[in-house]
Amino acid sequence: MRKLNRLSLLSLLAFAVALFPAAAQDKPGGSAKPSNAAGQTPVERGRYIVENVAMCELCHTPRTETGDPDKGHWLGGGPTQLRPAYPSPYWTQIEPRIAGRPPGTDADFVKLLTTGISRTGRPPNPPMPPFRMTRADAEAVLAYLKSLPR
């Protein structure tokens, strides 16, 4: 059952990434550009990962009445935008605010992004995927999120 849930989530995320590539061009804080880890600051690298790879706004940014991301509440958390393909008691109903100060300690957040284990000692509930980022990428994501207004 968990394997099917993960497969459904990965399929949904792949579909979302394929469906919304142009959305990356109109994000607060800068334009989308190819990744160039050698010449980027950690905040720039983190912005690229959050906005163009992990697509965090799909869940962590509330929507306007027209369904567009509410740029005034960028990564501000709120009701989960994605719905499960089938009923799941584990599906998160409220996404946390990650702009300004992600939940938990910096070490908790880096652990979540590098191991897929949350501060509770378990993987996060869907729709959050169990990321396996490098430590440098996880720290860059944290730097970007902390650079955003609370």
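Trainee: Is K146 buried, exposed or partly exposed?

Mentor: K146 is partly exposed, at a relative accessible area of 39%. Please keep in mind that this is a predicted model.

Trainee: Which residue does K146 meet in a salt bridge?

Mentor: That residue is D106, and the N to O distance between the side chains is 2.8 Å. The pair links distant parts of the chain, since D106 belongs to helix α4 (residues 106-115) and K146 to helix α5, 40 residues apart. D106 is partly exposed, with 28% relative accessibility.

Trainee: How many salt bridges are there in the whole structure?

Mentor: The search finds 4. One of them joins R45 to D137, at 3.2 Å from N to O. R45 sits in helix α2 (residues 42-53) and D137 in helix α5 (residues 135-147), so this pair ties together parts that are 92 residues apart in sequence.

Trainee: And why does R45 count as buried?

Mentor: Its relative accessibility is 16%, and R45 counts as buried because the cut-off is under 20%.

Trainee: Turning to R135, what is its salt-bridge partner?

Mentor: R135 pairs with E139, with 3.0 Å between the closest N and O atoms. Both residues lie in helix α5, 4 residues apart, which is about one turn of the helix. R135 is exposed at 54% relative accessibility, whereas E139 is partly exposed at 37%.

Notes. Residues are numbered from 1 along each chain as its sequence is written. This is a predicted model: local features need pLDDT of at least 70, side-chain atom pairs count only at pLDDT 80 or more; totals for chains, interfaces and linings use all residues. Side-chain values use heavy atoms; hydrogens and water are left out. Helices (H or I, at least four residues) and strands (E, at least two) are DSSP runs, numbered from the N terminus. Buried means under 20% relative accessible area, exposed over 50%, partly exposed in between (1.4 Å probe, protein chains only).
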